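Here's a quick tour for anyone about to open the structure viewer. Have the sequence and the 3D view side by side as you read.

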Amino acid sequence: MGNQNQSVQLDRKMTEAVDRILSSAHAGERNMLYEHEVYQILKITGANTPVYRLIRNESEITPEILSCYSSDRIVLKGAAGNIAHKQKAGAVKIVHKDLDFLKFNFNRMKTDLEAGGHRLEGILLVEYIDYSKELGNEIMLSFRESEAFGPVLSFTKGGSDAEHFARNFSSPNLVLAPIDRQWSEALFTSSRIHEKYIEEGKDDYVGKIISAGLGFSRLATSFSNFFHGSSEFVLKEFEVNPFIFDPYGKFIALDGYATFAPRKPGSGMRTQSKPSATLSPFFHPDSIAIAGVSSTNTNSPGNIIASNLLRSGRKNVFCINPKGGELTVDGMKTTMYRSAAEIKANIDLAVIAVPAAHTLAVLEDLAGQNLKAAILIPGGFSESGQNLELEDQLLTLAREKNIRLMGPNCLGIIYNGSVNSPDINTFFIPENKFSENTGTNRSVAVLSQSGALGLTEIHNLRHAISPGSLSVTATSSMLTRLISSTTWGLIRTWMLSAVILKGSSRAQEPGFSRAVVNVRNRSSSIRREEHRQVEWPPNPIRHPLPGNMWWPRRP
């Protein structure tokens, strides 16, 4: 990661300075930073903070100290590791900048907090900053280290009612670190708060907020289990609520909160993934074998899939049934082979629609035909707590033979083809219950680990993928494949989990445009918007997340 990390993380000197703060807190057996420590980290990263000083004894409050504060009021904040809500605990108070009055309130707060069982490190004297609390003037910027997704940056309205606002009016806008300046701009402008500043002639405010977002991204990736770093610690949460603009246009972090933990051994983002070319057999196979075609049950999954593929005009479709025989589809007869060994051709894609117990033997048989990819239709594996050893054996075989696996427990793929590559449809839903109607004038792609949900989403359909448990082929790989295509206007997803490890080589081309992912729980949409140019992410992109997330795509 060497050089790459240098561009998305803090430099060595900054990282070491932050690390010393975390090491000191860890030595004090804490996992939460005091607010003055958060201020210190913010200043290291280039953010502005109010004038502050930690006071442990009233004798430290002197006229010389007070002369450092330009305001006529000072905010007293108790510094204690076990205070979750300072206001409720009486650990915040605004007082006039009078020496005796300050000392009186200092002693009173200290006495009250210690009587309440709080271990007090001291009391922070913070400059009081007068500012407008109109909507849009208070901003919350934060990041959180997700165990599944890594550092997630969040931007939303700030202030004391931030949680209420996010819960009832507008979800936070999210992006996954690391980001560059364009992504930081996309995160901020998605909220439309920037329009207020532009209307007021405060264009420079926009740049200051974008720079703050970029600083948070660098801090997050420097102290994350998902990225290599020299520090022994990970910042679990880091929040400023609010950032404000003072009367002179200075962007200042008023209140800060942070938690941290030791870095996990061996952590760091793994960026190795199979080349996207290995997905081609799923979408453009020259030959397809279907295992599990019945000679008596025309509504079996294998038979429906065989019929779908034959009706699409495909020629090299090979049906497998241990008893042999023939399959008739629309008056056309097709040979059923007893085993893959009887097929005198290489197999690009296999669709395995046999009971779970027989899948390993079938895959072993097909692997001898230079098989490149397989779709495992049956359920009854780890998704239901069954056949765990069998699933491991399938995975081992697939890796040994370099076979891409989709499934198990899936519907597979609907992929609208072209003149040179006929359609793919492995959805085994009877035609009287589900009729697939795709076309080149359609623009919706669906990627859903829930087959039932995927069926309800199919409207204006061009492509659909129901990948099931995805034993070897990650949802991210499929999503990357769809994104790199030029044939969609909207991608709808429903994922239990996914990780995109890196973008495709085509993503390095110029002319990539923005798309918005509006994520709600596990469901998300990627919609084309061609008016803003951004680069493909050099970073992991992971689902699912609440709120709004940015994603680039090719128009």
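What follows is a short briefing, from the whole chain down to single residues.

Keep in mind that this is a predicted model. The protein chain folds into 16 helices and 27 strands, and buried residues account for 54% of its 555 residues.

**The chain as a whole**

- Take the contacts between residues at least 6 apart in sequence: 68% of them link residues at least 24 apart.

**The largest nonpolar core**

- In soluble globular proteins, nonpolar side chains tend to be buried together.
- Here the largest nonpolar core has 48 residues, and the ones touching the most other members are Leu33, Tyr197, Phe216, Leu219 and Phe238.
- Helix α10 (residues 203-222) is the top contributor to this core, giving 9 residues.
- Leaving aside residues up to four places away in sequence, Phe216 touches Leu42, Leu141, Ser142, Phe143, Leu153, Phe238, Val240 and Phe243.
- Tyr197 sits in helix α9 (residues 193-199). With a relative accessible area of 1%, Tyr197 falls under the 20% cut-off, so it counts as buried.
- Tyr197 and Asn137 lie 60 residues apart in sequence, with their C-alpha atoms 9.3 Å apart in space.

**Helices α2 and α3**

- The axes of α2 (residues 12-27) and α3 (residues 35-44) come within 9 Å and cross at roughly 170°. That angle is over 145 degrees, so the two helices are roughly antiparallel.
- On the α2 side, the contact uses Met14, Ala17, Val18, Ile21 and Ala25; on the α3 side, it uses Glu37, Gln40, Ile41 and Ile44.
- By class, that contact splits into 7 nonpolar residues, 1 polar and 1 charged.
- α3 is mostly covered, with 7 of its 10 residues buried. Those buried residues are Glu35, His36, Glu37, Val38, Tyr39, Ile41 and Leu42.
- Just past the end of α3, Gly46 has a positive phi of about 100°.

**Helices α13 and α14**

- Here α13 (residues 359-367) and α14 (residues 388-401) have axes that come within 10 Å and cross at roughly 10°. An angle under 35 degrees makes this pair roughly parallel.
- α13 brings Thr359, Leu360, Leu363, Glu364 and Ala367 to the contact, while α14 brings Leu390, Gln393, Leu394, Leu397 and Lys401.
- The contact of α13 with α14 counts 6 nonpolar, 2 polar and 2 charged residues.

- Asn241 and Pro242 are joined by a cis peptide bond, with omega near 5°. Pro242 is part of strand β8 (residues 233-245).
- There's also a cis peptide bond between Gly407 and Pro408, where omega is about 5°. Pro408 belongs to the loop between β17 (404-406) and β18 (412-415).
- Asn409 is in the loop between β17 and β18 too, and has a positive phi of about 60° despite not being a glycine. Asn409 is partly exposed, at 38% relative accessible area.
- Glu29, in the loop between α2 and α3, is another non-glycine with a positive phi, about 60°. Its relative accessible area of 75% is over the 50% cut-off, so Glu29 counts as exposed.

Note on methods
Residues are numbered from 1 along each chain as its sequence is written. This is a predicted model: local features need pLDDT of at least 70, side-chain atom pairs count only at pLDDT 80 or more; totals for chains, interfaces and linings use all residues. Side-chain values use heavy atoms; hydrogens and water are left out. Axes are lines fitted to C-alpha atoms, for helices over the stretch in contact, and angles run from 0 to 180 degrees between N-to-C directions. Helices (H or I, at least four residues) and strands (E, at least two) are DSSP runs, numbered from the N terminus. Angles under 35 degrees count as roughly parallel, over 145 as roughly antiparallel, 65 to 115 as roughly perpendicular and the rest as oblique. Contact means heavy atoms within 4.5 Å. Ala, Val, Leu, Ile, Met, Phe, Trp, Tyr, Cys and Pro count as nonpolar, Asp, Glu, Lys and Arg as charged, and the others, Gly among them, as polar. Buried means under 20% relative accessible area, exposed over 50%, partly exposed in between (1.4 Å probe, protein chains only). A nonpolar core is a set of buried Ala, Val, Leu, Ile, Met, Phe, Trp, Tyr and Cys residues joined through side-chain atoms within 4.5 Å.
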